[in-house]
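Hello,

Here is the structure I promised to pass on. Please open it and keep it beside you while you read.

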Amino acid sequence: MAQQPLVLFVDDEEDLCTLMQMMLSRMGIETHVAYRLSQARKMLSEHQYDVCFTDLNLPDGNGLELVEEISQQYPQLPVAVLTAYGNMDIAIAALKAGAFDFVSKPIKQTHLEQLLQKALNKPLQQAQQEDALEQRMLIGQSLPIQQLRVTLNKIARSQAPVFITGESGTGKEVVANLVHRLSNRNEGPFIAINCGAIPTDLLESELFGHKKGSFTGATQDKQGLIQSAHGGSLFLDEIAELPLNMQVKLLRAVQEKSIRPIGSETEIDVDFRVISASHQDLESLVQQGKFRQDLFFRIHVMDLVLPPLRERGQDILILAQHFIQKVSREWEIPAKALTPRAKEFLLAQYYPGNVRELRNIIERAITLSDEDYIDVQHLQSAPLRRSVQMQTPSVDQMLTTSSELTLSSKKLPDEGLELYLENIEKEILLNALNITHWNRTLAAKKLGMSFRSLRYRLKKFGLDTDE
């Protein structure tokens, strides 16, 4: 039989303490009460608690002191703070100090039950399971990645909002998913939304849902993505793309933990942890009036900064080997080895597209190599980028670059003129596609040809990914 959970409740209001003991007793939870900080400290040293609740205003000190002490001395103990209704500044300060979550007074039983459910559902146990998950999802051994793992473990124990920043392609969604899977919400859903990918006129319906008949085309009730995240985590990628009117509605949903679908007269309680990300500077957008300051402070509680790939040293080769193995398994072909020259080449690149760009380079290299190895010429089909300022070369420049690359390895066309020219044409096409991130419409425009003509050439060289 499972042991009865034990909770420490710290508050100087005796009536509230008695009420909480009764509420928790009905839930099968035993409660110890402390009316002062000194009393709470003594009880913490004598008992092993599963959860702690503390008020912030106590006769002999501030509850934030207790939050900080528990965070340092009892890091596995979830502590939730009690705040006055709507006092978000204090709640955010408590989360930054290490609180697991907060509960507004007067305490709603539904919110209390949701919090306890999460607090008593322990995250993945520290040792092997956690390490295995991190190693599998966060590949690399560089110092920035090791520091990121330490921060992740601290953040995962909390219910606080997380803000992830980093250049495009650094793996923000992967890290958001890892935060979710390391947390005590891991049994709930992980809902990822790209805020810039949803048309503005559909945004409110997609996020909050709608009732049948609430607008033209609403032929049935629809559950919004926020409600779909109930019990789990909501990842809002590129949150800077949200229009200001949606920022207001999101702020209310995050603060009140409730939403109102379009056309509904009632609110729906939703329990979710918000994780957001952007490659843009939100503070600068706040100053420009393009992002609400109150929402910025609400989502900017726990920070995760993802390092660019160029700062991760040998991780580049570890990731390259990982992608070679992964792609080879998916394509059911033997894995190819990187030559020493290929490794030097990969380590020398700037990678404005970061991990995503590296994977694309490896995939194309595997496609281009007819050998059991990958050498520099297989990697050079990708554009060489050594600075953040990317300039798009003209077709003539691409032809010159392509010819130079080919002639550097073959001064004379031993394979015959026709095949030699075909190889140059193929390399020009690949360069154009790489520059436009494989947007074929844009590539055709830059090459000065019709989309149909480009499609014909891609089919000719077996590069049509739609087939």
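First, a term you will need: a nonpolar core is a set of buried Ala, Val, Leu, Ile, Met, Phe, Trp, Tyr and Cys residues joined through side-chain atoms within 4.5 Å. Note also that this model is predicted.

Now the cores. The largest nonpolar core has 49 residues. Within this core, Leu8, Ile164 and Leu304 touch the most other members. Helix α4 (residues 88–97) supplies the largest share, six residues. A separate core holds 31 residues, including Phe163, Cys195, Leu236 and Leu285. As background, nonpolar side chains tend to be buried together in soluble globular proteins.

Take a look at Ile164. Which residues does Ile164 contact, leaving aside its neighbours within four places in sequence? They are Lys172, Val175, Ala176, Ile275, Ser276, Ala277, Ser278, Leu304 and Leu306.

Next, the backbone. Most residues other than glycine have a negative phi, and most peptide bonds are trans.

- The peptide bond from Lys105 to Pro106 is cis, with omega near -5 degrees. Pro106 sits in the loop between β7 (101–105) and α5 (109–120).
- Lys257 is not a glycine, yet its phi is positive, about 55 degrees. Look for Lys257 in the loop between α11 (244–256) and β13 (258–259). Lys257 counts as buried because its relative accessibility is 17%, and the cut-off for buried is under 20%.
- Glu332 is not a glycine either, and has a positive phi of about 55 degrees. Its loop runs between α14 (315–331) and β17 (337–338). Glu332 has 74% relative accessibility, so Glu332 counts as exposed.

Best wishes

Technical notes
Residues numbered from 1 in each chain as written. Predicted model: local features only at pLDDT ≥ 70, side-chain atom pairs only at ≥ 80, totals over all residues. Heavy atoms only, no water. Buried < 20%, exposed > 50% of the residue type's maximum accessible area, 1.4 Å probe, protein only. Helix = DSSP H or I, 4+ residues; strand = E, 2+ residues; numbered from the N terminus. Contact = heavy atoms within 4.5 Å.
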